[in-house]
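Colleague: I would like to learn how to read the features of a model such as this one, going through them in turn. Could we begin once the structure is on the screen?

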Amino acid sequence: LIQAVVGVRPVPGRVIEPELVEPAARTGRTGDAIAVRLVETQARGHIGRRVLHREAGGELTQDPVWQWSSAPDRYLDTALRVELAANAGVRLVDSADASTVGVTLLAWHLEPASAGNQLIGAVEVQVTSPDHSVRTDVVRAAEPVSSTLPGDLAAAAGRLLQRLASETLARVSRSR
C-alpha cells in the first residue's frame with residue numbers, strides 16, 4: 001500500500017545459473033588412482049543464493065536484483081563430482097578406509113579489479129587420510145566478468161567452478 005502511494009515499484013528478481021564446463025575427456029583409470037570419499041561440500045554462512053559484491057572498503061553487499069538459482073556450494077558439489085568422474089588419478093568410493101575429502105566454499109563474490117570486475121572463488125580442502133592425519137589447503141581463483149549484470153557471469157561462474165574443482169582434486173592427489 002505504501003509503495004503505491006510513493007510510486008515505488010518492487011524490482012523483480014532475476015536468476016543466474018552457472019554454465020558448468022565439462023572437463024576434457026580423460027583416459028581410463030590408472031591402477032594407482034587415489035580412492036576418496038567426498039563427505040561434504042558446504043559454504044560459509046554468508047554465502048547464499050544472493051549475488052554478492054565486495055565494495056571498495058571491503059564490505060560485502062547483496063545485489064538488489066540478481067541471485068543464483070541455487071546456493072553456490074551446490075554448484076561446487078556438482079562440479080567436483082563431474083571432475084571426479086573425469087579424473088583418472090582419483091576415484092570416488094564409498095568406503096570407510098578411503099581418504100575423506102571435505103570442501104568448504106570460503107569466498108564467492110564479485111570484486112572490482114584494475115582490468116574490470118572479477119568473480120572470486122576460494123575453497124578450503126580438508127583431506128583426512130585413513131591414518132587420521134589431516135591436511136588442509138586453500139584454493140583461490142578468479143575469473144573476469146563484464147561490468148553489467150548478468151553479462152557473462154554465468155559462463156565465468158562455470159569456468160571458475162571447474163577451475164576450483166580441478167585444483168581441489170590436484171591438491172587431493174598431492175596429499176598422498
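Colleague: In which hand, left-handed or right-handed, does helix 2 pass helix 3?

Modeller: Helix 2 passes helix 3 in a right-handed crossing, where a crossing is left-handed if the near helix is turned anticlockwise from the far one by less than a right angle, and right-handed if clockwise. Helices (H or I, at least four residues) and strands (E, at least two) are DSSP runs numbered from the N terminus. Before going further, note that this is a predicted model, in which local features need pLDDT of at least 70 and side-chain atom pairs count only at pLDDT 80 or more, while totals for chains, interfaces and linings use all residues. Residues are numbered from 1 along each chain as its sequence is written, and side-chain values use heavy atoms, with hydrogens and water left out.

Colleague: At what angle do helix 2 and helix 3 pack, and how far apart are their axes?

Modeller: Two packed helices are described by the angle between their axes and the distance between the axes. Here helix 2 (residues 72-86) and helix 3 (residues 153-174) pack at about 55 degrees, with their axes 9 Å apart; axes are lines fitted to C-alpha atoms, for helices over the stretch in contact, and angles run from 0 to 180 degrees between N-to-C directions. The two helices are therefore oblique to each other, given that angles under 35 degrees count as roughly parallel, over 145 as roughly antiparallel, 65 to 115 as roughly perpendicular and the rest as oblique.

Colleague: Which residues of helix 2 and helix 3 meet?

Modeller: From helix 2, P72, Y75, L76, A79, L80, E83 and L84 meet L161, Q162, L164, A165, S166, T168 and L169 of helix 3, contact meaning heavy atoms within 4.5 Å.

Colleague: How many aromatic pairs does the structure hold?

Modeller: A pair of aromatic rings is described by the distance of the centres and the angle of the planes. The structure holds one aromatic pair: the rings of W68 and W108 have their centres 5.8 Å apart and their planes at 55 degrees, so the pair is tilted. The rule is that rings of Phe, Tyr and Trp (its six-membered ring) pair if their centres lie within 6.5 Å, and planes under 30 degrees apart count as stacked, over 60 as edge-to-face and the rest as tilted. W68 lies in strand 4 (residues 60-68) and W108 in strand 6 (residues 99-113), so the pair ties together parts that are 40 residues apart in sequence. W68 is buried at 1%, and W108 is buried at 4%.

Colleague: Which residues does a cis peptide bond join?

Modeller: A cis peptide bond joins L149 and P150, with omega about 0 degrees, and P150 is placed in the loop between strand 8 (134-144) and helix 3. As for backbone angles, phi of H132, a residue other than glycine, has a positive value near 75 degrees. H132 lies in the loop between strand 7 (116-128) and strand 8, and counts as exposed at 66% relative accessibility.

Definitions and conventions
Buried means under 20% relative accessible area, exposed over 50%, partly exposed in between (1.4 Å probe, protein chains only).
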